[in-house]
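Please read them beside the structure.

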Amino acid sequence: MAVQQTAGADPYFPEHGDPRYRVHRYELALDYRPGPNRLSGTARINAIAGRAPLTEFVLNLADYKIGRVRVDGRQPHYTHRGGRLRLRPAKPVRAGAPFTVEVHWSGNPEPVNSPWGGLGWEELEDGALVASQPVGAPSWYPCNDRPADKASYQLSITTPSAYAVVAGGRLLTRTTKASTTTWVYEQSAPTSSYLVGLAIGKYQTVLLGDPGPGGVPQHGHIPAQLLGDFSRDFARQPQMMDVFQELFGPYPFDEYAVVVTEEELDVPVEAQGLSLFGANHVDGARGSERLVAHELAHQWFGNSVSIADWRHIWLNEGFAKYAEWLWSERSGGRTAEQFAAAAHRLLSSLPQDLRLSDPGRKSMFDDRLYERGGLVLHAVRRALGDIAFFRMLRGWGQLHRGGTVTTAAFTSHVARFSTEPVDELLQAWIHGTTLPPLPGAGSPAAS
């Protein structure tokens, strides 16, 4: 479906992204040497101008040495300061016209600074990974860094042959020449810049389950010493995939991969068709299974159905949180009702000053947003009843597959599945700050 664009800059990150154009496709050719942590790259970016002629436009890119730059084959005037590559084409791009940008860059990649620490490219003890949410993508490639600008990607990554390269999407070719290997991945589904995932390391690859005809191939890429624990911790992921396809609709991409690094990560990180876990998330006792569910659910909610700007992040995290509860419920653990009651007790003891529909940049990853977001879904389930609720949930994923959404789109969507008005309920849970009462177990969902 066509990607919806929001007007104006992202209110939380006005220096990221340029709404005056949209990108159709990125073709990235990278060469990375882990020892010296040296990255050189070429980007070919196919884009379309917006409703006004483009006399200039901006790409986001961290502090690299810039080589060749071309716009439609001609050298533009450009400046590169503060993570912004500002380009002025030799000839303005007509309104609505396609254009092509070529950028060569090189340097030592490092995370970009943010209120949550370094984001994006991270050098590991023996390899690298990319975890970009929300604004880390410019740490390693030039992009229109806004979640609503979704494009297809082809990634070609050359590394020493001792290293494996894992990226979201389908592996097209792997070619070894002398001491290096080039891996080429294709991600054809529309992808936000922060969701382009990458891991470089010494991994063993295993197939999770047997997808069978028409099933979703699922692979794990893990250090050899963690293989035993991984096999137990992720054993139920194929079953999880089946449950989520039943509840949310067909898996939106060609395949799904998980990577476990040798190092610890504060939290797992989702990317398109790929999730990244730390060694601390593997214990051989399924101690992090809720996070396995959370990251898988993001493939529907956050990745396929993406937010128009970062004010709406609860639509990613609240849905993934509720998916944790649904998986527990469907796999013989605690019910969503029990999780909702616990979350409500927790939130009632905490400050009630967070507004889901616009939490502010400082609070966009607040634990309260996740828990209250899950409670919104539970409240809606109680109001609609299970049959209508899960029809609503599947419809949300299918209607907006590959596109972008807002909180207003969600409230309108819910209303179409309700026989009674839900405006007051949604207003209180999403736009208010005071915690509403927990919906009772005697409501329609019990039927």
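**Notes on strands and helices**

1. Tyrosine 21 stands opposite alanine 49 in E2. The model is predicted: local features need pLDDT of at least 70, side-chain atom pairs count only at pLDDT 80 or more, and totals for chains, interfaces and linings use all residues. Residues are numbered from 1 along each chain as its sequence is written, and side-chain values use heavy atoms, with hydrogens and water left out.

2. Strand E1 (residues 21-33) runs antiparallel to strand E2 (residues 38-49), and twelve bridges join them. Strands (E, at least two residues) and helices (H or I, at least four) are DSSP runs, numbered from the N terminus; two strands pair if DSSP finds at least two bridges between them. Four residues lie between E1 and E2 in this hairpin, and asparagine 37 in the turn has a positive phi of about 50°.

3. E1 also runs parallel to strand E10 (residues 151-160), with seven bridges joining the two. Glutamate 27 has glutamine 154 in E10 as its bridge partner.

4. Helices H4 (residues 314-330) and H7 (residues 386-399) pack at about 135°, their axes 14 Å apart. Axes are lines fitted to C-alpha atoms, for helices over the stretch in contact, and angles run from 0 to 180 degrees between N-to-C directions. H4 and H7 are therefore oblique to each other (under 35 degrees is roughly parallel, over 145 roughly antiparallel, 65 to 115 roughly perpendicular, the rest oblique).

5. In contact (heavy atoms within 4.5 Å), Leu315, Phe319, Tyr322 and Leu326 of H4 meet Phe389, Phe390, Leu393 and Trp396 of H7.
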